[in-house]
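Welcome! Take a moment to look over the sequence and the 3D picture, and then we will walk through some of the details together.

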Amino acid sequence: MTRRPGSATREHVLQVAHDLFYWRGIRATGVDSVAAEAGVAPTTLYRLFGSKDGLVDAYVDHVEQGYRKWFTGATEPGALPPRQQILDLFDRILASLQPETCRGCAFLMTLGEFPDKELPAHRRAVAAKAWSRERLRGLVRHLAEVETVEDPDALADQLTLIIEGMNASAQALGVDGPARRARAMAEVLLDAATAGGPARRPVQAAPSDAR
């Protein structure tokens, strides 16, 4: 066992738990397995996190903080025109769903394993989804500053549904399945909801039969 300061030990154990919980499943991974993989005594783990529920809550919090950092960096205002920024987000999400680095959405998997709404892990996963939805609303509001958006909240919810569909379908059908069409779907929604879509070619009158 490697001796580390308390804060470093906690971070090390949490990273090990993250990898095991994400790739093997939370309920399928016992505390003893996490302790053994981390090279610490089970008593150390309990001292740091109190219980497995405490460790799971810390894991979901760890995932959420990483996700917020990634999402915020991917949607930083001003980096691209609003419409392009939204479409670029879908490209980034698709790239993040590659099977060698992604088993699926950690929050959806947590909700599936912990359906009890009173559990901290469940509440934290729901909060992460709500935050993502609100962030998309912010992107759409930014778009509405430069283009006419008929119903910003509806557009944001539609984009949210596409992202949730990407996360769910990539887990079962891979990134080359329906998920790869998400950007095109988002573009269709943007064109339908705004006045900034492709200009329609005017219909030309039929040539006159007059001679």
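## Ground rules

Contact here means heavy atoms within 4.5 Å. This is a predicted model, where local features need pLDDT of at least 70, side-chain atom pairs count only at pLDDT 80 or more, and totals for chains, interfaces and linings use all residues. Residues are numbered from 1 along each chain as its sequence is written, and side-chain values use heavy atoms, with hydrogens and water left out.

## The core and Y59

Let's start inside. A residue is buried when its relative accessible area is under 20%, exposed when over 50%, and partly exposed in between (1.4 Å probe, protein chains only). A nonpolar core is a set of buried Ala, Val, Leu, Ile, Met, Phe, Trp, Tyr and Cys residues joined through side-chain atoms within 4.5 Å. The largest such core has 58 residues, and V34, Y59 and F90 have the most contacts inside it.

Which residues does Y59 touch, leaving aside its neighbours within four places in sequence? They are L14, A17, H18, F21, Y22, I26, A106 and T110.

## A helix with two sides

Helices are DSSP runs (H or I, at least four residues), numbered from the N terminus. In helix α3 (residues 42–49), T44, L45, L48 and F49 are buried. Seen down the axis of α3, these buried residues fall within an arc of 110 degrees, so they line one face of the helix; the arc is that of the directions from the helix axis to the C-beta atoms. Turned away from that buried side, another face of α3 carries the exposed residues T43 and R47. Just after α3, G50 takes a positive phi of about 85 degrees.

Axes are lines fitted to C-alpha atoms, for helices over the stretch in contact, and angles run from 0 to 180 degrees between N-to-C directions. Angles under 35 degrees count as roughly parallel, over 145 as roughly antiparallel, 65 to 115 as roughly perpendicular and the rest as oblique.

The axes of α4 (residues 52–74) and α5 (residues 82–96) come within 10 Å and cross at roughly 140 degrees. The two helices are therefore oblique to each other. W70, F71 and A74 of α4 make the contact with Q85, L89, R92 and I93 of α5.

With helix α7 (residues 120–144), the axis of α5 comes within 8 Å and crosses at roughly 150 degrees. That makes α5 roughly antiparallel to α7. Here P82, R83, Q85, I86 and L89 of α5 meet L136, L139, H142 and L143 of α7.
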